[in-house]
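Hi everyone, thanks for having me. Let's look at one protein together, and keep the picture in view while I talk.

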Amino acid sequence: MSSLVAINQHRPMPVTNGVTPGNQREAKKAPGGYMNHVTTDRYVANGDLDDDINNPIQLKPLPRLPVPPLHNTLAAYLQSLRATVSREQYAITESLVREFGRPGGPGEYLQMKLLEYAESQANWSNRWWLDDMYLHNHVSLPLNSNPGMVFPKQHFKDEGQRLRFAAKLISGILDYKVIIDARALPVDRVRHHKPGQPLCMEQYYRLFSSYRVPGVVKDSLVSPSSSVMPEPEHIIVVCNNQFFVLDVIVNFKRLSEQDLLSQLKRIVDLAREDPAPHTVGLLTTMGRVEWATARKKLIKASTNRDSLDMIERCIFVLCLDANMGHPPAEVGKPMDADDEPLAHQMLHGGGTSLNSGNRWFDKTMQFIIGDDGTCGLNYEHSPSEGVAVVQLVEHLLRYIDSETHKRKLTRAQSICELPCPRVLRWKLSHETIQDIETARGGMDRLVDDFDLKLLRYTKFGKGFPKSQNMSPDAFIQIALQFTYFRIYGHLTSTYESASTRRFLEGRVDNIRAATVEALEFSRSMIGDRQATELEKMDLLRAAIQRQTDICITNILGQGFDCHLLGLRELSRELGEPMPEIFTDEAYRMSNYFNLSTSQVLTKLDTFMCYGAVVPDGYGAAYNPHEDYILFAIASWKRCPTTSSEVFRDKLYKSLNDMHALCTRMSLNNNHIVK
């Protein structure tokens, strides 16, 4: 199996939103390669696809990601540093940028080579971006890279009810996979700034059967279309730290929910009868180089190779977790700080004495169901952004809650003699057993070090910024900047992902929120800069406008982060001396994200969370609803200068202060008008 990089380089052109023109009609009718011997009508009633996938739209080829003008990128880079580096450092960097961008200089040469390279690529930035963001990153996946998502709480009266929920979840995922394999998802479209434009859907098509393989130099992302093997017809169920193969296609027919329930009951019984002597799943919690080294030892035995192959090629992983000991889920209660234990369960499983070994963190999609009603997922981030995962989750939850799905869908007749799910066997050497114990200690230290706090902010939601003619996301980003300044007295390099899905195979660039405008607003709010109420309001509007402008620049493919990365990596690949702009301290500081943020919108009362990406930083995920905002703030306890609780409390105060300022100014304006 080849890596995603190789796929990108050899994909035929042109491509119409992921479907080659000659195959568009076929893609609408039948699954593209998913169990080639099984047609769609065996899955869905009357041969029609479910309501969620009506009318896939034929589109013109999406444009390729443009290469921004060099002078625009260099100017934007310098501007981004003004609020975060000293005057002395800025002067040094300004001189290096001038040298890099001069006529006939290294920047001009590399820009020319990049433009040539872009002509031959579906997306010129993807290979370098994927390597830099994920595949060359050697830290362990749990907490450092894999996000978790908490679903609405369920109430299970007994084990049977939990397994019935699990069977419905499996069935809903398989329905969605048929849609994905048929490439029949409705095309997402832009909602703001030139609304109606189609968006690239490739991320959806990597959700299932993708897998991240650890490597000593770098990891590999294996894509389903890169395999010459038949499409997988099984999932992996993890229970009591053991891995079971559950075939979802038997005798060319998909199992009914009742059959799935029967098989899940068998798995639970088998897991209880014969506990695993060693927790092999813990190996995937190691640093990537350590895991790659351990994996080489593990696959020396053919038994282990076969077991790994079944995990790596499965459609997804289902984790049936043991009780975590937190209070029973209160169904219908809004998500708030009481639900922090649920986030811990999704992110890391609670430690090796609980469910951290009941995982396989290399797999793209892991769905987690606890016996107490806790459920959610953990996903490996490299194949897709959060939007594709959220769309899948909301489809699943609608499917499970629907009272009509049984009527709409046709299932195979019950199979009397289902093959018993088989447990994966391992032949473990002394060295591998030692690797597992090393992983155990490392994972427990990581879990103990993790600091997560939730904030359900209820004074307002995204409706309030809208009422002030402000972007809700920009408003929240300025609040995060204000909070950081309030704690530390300065701003810091900040990451917020900006989708570039308007372009073929687009992923993200970076919205730089630490602007001069945000700095001046923050200074005015705490008294570092004298300002009247009107001046503070003007500064807030200027900061939000600047944030909005940067966002638009990025989503239109004119961001500077990916551009500079491409120039740097191209210089390395061409064997050129590395330009000093990339060895400069300011460039290092610019890419050291003490504040890593992400807006993850959902319609339901759910949330996504992740860890800080640097040892002395914060991770801040947020989900704005119309009348409230959910924040998940993460940091590391070992760092003496960070505290998720302090950040959460200061964020609450910052949001209150910004709300109060806007409200006072609105009242004053109304009074003047009257």
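Let me begin with a word I'll need: buried means under 20% relative accessible area, while exposed means over 50% and partly exposed lies in between, using a 1.4 Å probe and protein chains only. What you see is a predicted model, where local features need pLDDT of at least 70, side-chain atom pairs count only at pLDDT 80 or more, and totals for chains, interfaces and linings use all residues. Residues are numbered from 1 along each chain as its sequence is written, and side-chain values use heavy atoms, with hydrogens and water left out.

Of the 674 residues, 59% count as buried. The protein has 21 helices and 18 strands; these are DSSP runs numbered from the N terminus, with at least four residues for helices (H or I) and at least two for strands (E).

Take helix H16, residues 472–488. How many of its residues are buried? The count is 15 of 17, so H16 is mostly covered. Just after H16 comes glycine 489, with a positive phi of about 80°.

Now to histidine 381. UniProt, in an unreviewed entry, places the feature "active site" at His381; positions follow the numbering used here, feature names are shortened, and annotations may be inferred rather than shown by experiment. Where does histidine 381 lie? You'll find it in the loop between strand S10 (375–379) and helix H12 (386–401). Histidine 381 is buried, because its relative accessible area is 15%. Leaving aside neighbours within four places in sequence, its contacts (heavy atoms within 4.5 Å) include Tyr134, Ser145 and Arg507.

Note on methods:
Expected span 1.5 Å × (residues − 1).
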